[in-house]
Amino acid sequence: MFSPLVLLSFWLISLARAQSSPPTNLPPVDPGAFTAEASILINATVEKVWGVLTDFPSYAEWNPFVRSQVVTSEFLVPTSSQEPVEGHRLIIWSQIPPLTPPVNANSFANPLNTRITIENITHVQPDLGRVAWKLFGSPDAILSAERWSAVSAFQDEDGIEWAFYESREVFSGGLAALVGTLQGEGLQQGFDAQAQAMKVRAEGL
């Protein structure tokens with residue numbers, strides 16, 4: 001049996017760890033067949049990281065996973081501002097698995113690993129630091145995939161201010177397990193690579 005002093009020490013250590021871990025800023029969602037997710041602390045302001053996250057035309061300059069994101073109208077006509085707007089579409093060119101970083105706009109994509117998807121922008125919440133898009137054109141019963149990304153402020157136990165970036169995509173529906181088997185590992189690698197590259201990008205600006 002542990003003594004009360006030892007149990008108190010364990011509790012204090014657990015409490016300190018909990019306080020030093022950033023709380024999630026992602027909304028709760030129902031579980032799916034599989035989930036790809038990543039998070040990272042970035043030594044930059046929330047505003048700067050949000051700017052990197054939503055500056056889709058610049059993705060090719062730094063992102064080894066998502067090489068291009070183009071905002072379009074509901075008729076798939078690219079918009080002039082390229083800012084995310086709820087109800088607009090998003091055409092995404094990604095590499096699964098991702099390219100080897102660092103990358104730039106001249107990095108060659110592997111055509112065998114290129115995936116093109118059309119998404120519907122479901123949420124744009126700059127006041128909360130959150131944005132989300134969902135696979136377009138597929139009935140949820142067959143394949144549903146919605147990606148949330150969030151940026152929030154976090155102060156660690158030393159009083160240092162960080163931006164906490166996190167992203168999560170939940171896959172569900174009849175084909176989700178198959179997608180997870182075929183691409184789950186590559187998707188997770190992509191999420192990790194994008195988080196690391198976003199840190200480098202934001203801290204370097």
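A: In this predicted model, the largest nonpolar core is made up of 36 residues, and those with the most contacts inside it are Ile42, Val49, Leu53, Tyr165, Phe171 and Met198. Two or more residues each are given to this core by strand E1 (34-42), helix H2 (46-54), strand E2 (66-72), strand E3 (89-95), strand E5 (130-135), strand E6 (144-155), strand E7 (161-172) and helix H3 (176-204), and the largest share, eight residues, comes from H3. As a general background, nonpolar side chains in soluble globular proteins tend to be buried together.

The strands belong to an open sheet of seven, which runs in the order E1-E7-E6-E5-E4-E3-E2 with antiparallel pairing; E1 and E2 are its edge strands, each pairing on one side only. Neighbouring strands of this sheet are turned against each other by 20° on average, direction ignored. Within the sheet, E5 and E6 pair in the antiparallel sense over five bridges, and lysine 134 has glutamate 146, in E6, as its bridge partner.

Both helices named above pack on this sheet. H2 touches E1, strand E4 (114-125), E5, E6 and E7, and the direction of H2 makes about 160° with that of E6. H3, for its part, touches E1, E2, E4, E6 and E7, while its direction makes about 10° with that of E1.

Conventions
Residues are numbered from 1 along each chain as its sequence is written. This is a predicted model: local features need pLDDT of at least 70, side-chain atom pairs count only at pLDDT 80 or more; totals for chains, interfaces and linings use all residues. Side-chain values use heavy atoms; hydrogens and water are left out. A nonpolar core is a set of buried Ala, Val, Leu, Ile, Met, Phe, Trp, Tyr and Cys residues joined through side-chain atoms within 4.5 Å. Buried means under 20% relative accessible area, exposed over 50%, partly exposed in between (1.4 Å probe, protein chains only). Helices (H or I, at least four residues) and strands (E, at least two) are DSSP runs, numbered from the N terminus. Two strands pair if DSSP finds at least two bridges between them. Axes are lines fitted to C-alpha atoms, for helices over the stretch in contact, and angles run from 0 to 180 degrees between N-to-C directions. Contact means heavy atoms within 4.5 Å.
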